[in-house]
Amino acid sequence: MAAAALAAAGTDHDELYFLSDFLVVRAVTAAIHGGDWGAADSLLEGFVAGFGPSLITFGGGVHTAAGIVLLYQGRAAEAKRTLRAALEALRLADPQQLFSLTAAMAFAAAADAGFTEKAAGFLADYESARPPVSRYLRSLAAMAVVYGKARLGGYRRAAEELQRLGNPVGDGSTAGLEFDALAFRLALGDPDAAVRLRELKPELEGRRARAVCGYAAAIGSGLPGGLLDAAKTCEEAELWGFAALAYGDAATAYHAAGDSLRERMAAAQRQRCRDRADSASGEEPAGQDDTLGLLTRRERDIVALAVRGLSDRQIAADLQVSVRTVEGHLYRSYAKLNVKGREELRRMAEE
């Protein structure tokens with residue numbers, strides 16, 4: 001329904017620039033929860049292509065949605081960079097009060113990827129911000145903070161806190177909210193989360209839930225073949241973090257069975273998924289300075305081509321995207337880098 005509202009709203013909003021940002025964030029939220037990354041990417045790409053300059057001021061929610069997709073996929077280092085860009089945009093304008101949620105997700109991503117100092121900064125941003133208006137987003141932000149603290153180590157009450165947040169007192173409890181908490185717990189290695197996920201599965205829908213619940217079921221059986229199947233399902237759902245966990249469990253099960261060949265194969269698959277997630281080392285890509293760290297991977301690709309002197313049309317042809325998509329990414333990159341156009345961009349690159 002949110003996607004339909006976005007289509008009906010169009011792009012002609014001279015006075016309410018944030019309306020389409022509001023609608024696209026709502027539509028993408030539903031796609032993220034269900035694990036429909038293709039639908040989420042399509043909505044985000046369409047927004048970038050259609051809203052050009054207004055994205056500089058009112059695009060923070062879109063950055064947040066993109067960063068959460070990356071975090072849920074297990075691509076923590078890339079999620080951290082995208083969510084940091086979202087925070088910078090939201091410092092300028094935050095009509096949906098997403099700053100707190102974004103800071104929480106950025107903290108979780110930085111902790112997951114091993115950026116301890118940056119995680120501390122994101123946590124300070126979260127603690128100083130106003131909480132989201134939505135009860136669901138408040139709970140989700142709190143879950144992300146608990147998860148991040150557990151990743152950094154020494155937070156023994158993480159499972160208990162996540163259970164409480166997924167089952168709030170009163171009328172705020174839903175299967176979807178509990179699933180979010182259980183997914184965080186399962187990623188932290190909590191075996192009790194797997195038990196509850198198997199019970200909750202009939203109430204859930206979407207490929208993200210199917211993949212995570214499938215992994216929980218495989219944990220219950222302990223059979224290496226079942227764990228391998230679960231890992232492949234997580235891969236198909238582009239949940240690289242859970243796929244790596246499932247392959248690791250399969251390797252352990254094969255080791256216990258004395259099957260060293262399949263153990264090595266499962267371990268290799270686990271490493272491949274970790275590499276695919278691009279968050280195993282916890283280090284920034286070599287040669288990338290802190291300024292360019294504000295940009296997403298696609299923005300960096302487009303900026304690099306622009307610096308080389310290619311026109312918008314040439315860049316679009318090279319990357320096989322629309323010219324409006326290129327223009328949207330460039331507008332957003334100019335805002336993040338605090339430059340006015342290509343000439344300043346070239347000078348920055350030469351310095």
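In the predicted model, Trp240 lies in helix H15, which comprises residues 240-256. With a relative accessibility of 9%, Trp240 falls under the 20% limit and therefore counts as buried. Leaving aside residues up to four places away in sequence, Trp240 is in contact with Gln73, Arg75, Glu235, Cys273, Arg276 and Ala277. A further relation across the sequence is that of Trp240 with Arg270: the two are 30 residues apart along the chain, and their C-alpha atoms are separated by 9.2 Å.

Gln73, one of the residues touched by Trp240, belongs to helix H5, which covers residues 60-73. The 14 residues of H5 reach 20 Å from the first C-alpha to the last, close to the 20 Å expected at 1.5 Å a residue. Helix H5 is mostly covered, with 13 of its 14 residues buried. After H5 comes Gly74, which has a positive phi, near 95°.

Helix H6 spans residues 76-92.

The packing of two helices is described by the angle between their axes and the distance between the axes. For H6 and helix H8, the latter formed by residues 116-128, the axes come within 12 Å and cross at roughly 35°. This crossing of H6 and H8 is left-handed. On the H6 side the contact involves Lys80, Arg84, Leu87 and Arg91, which meet Lys118, Phe122 and Asp125 of H8. Five of the residues in this contact are charged and two are nonpolar, while none is polar. In an α-helix there are 3.6 residues a turn, so residues three or four places apart point the same way.

The cysteines were examined for disulfides, and the count comes to zero. Cys273, one of the residues touched by Trp240, takes part in no disulfide. The nearest cysteine sulfur to that of Cys273 belongs to Cys234 and is 8.9 Å away, whereas a disulfide requires sulfur atoms within 2.5 Å. Cys273 is buried because its relative accessibility is 0%. Cys213, with a relative accessible area of 2%, is likewise under the 20% limit and is therefore buried.

Key: Residues numbered from 1 in each chain as written. Predicted model: local features only at pLDDT ≥ 70, side-chain atom pairs only at ≥ 80, totals over all residues. Heavy atoms only, no water. Helix = DSSP H or I, 4+ residues; strand = E, 2+ residues; numbered from the N terminus. Buried < 20%, exposed > 50% of the residue type's maximum accessible area, 1.4 Å probe, protein only. Contact = heavy atoms within 4.5 Å. Expected span 1.5 Å × (residues − 1). Axes fitted to C-alpha atoms, helices over the stretch in contact; angles between N-to-C directions. Left-handed = near helix turned anticlockwise from the far one by under 90°. Nonpolar A, V, L, I, M, F, W, Y, C, P; charged D, E, K, R; others polar.
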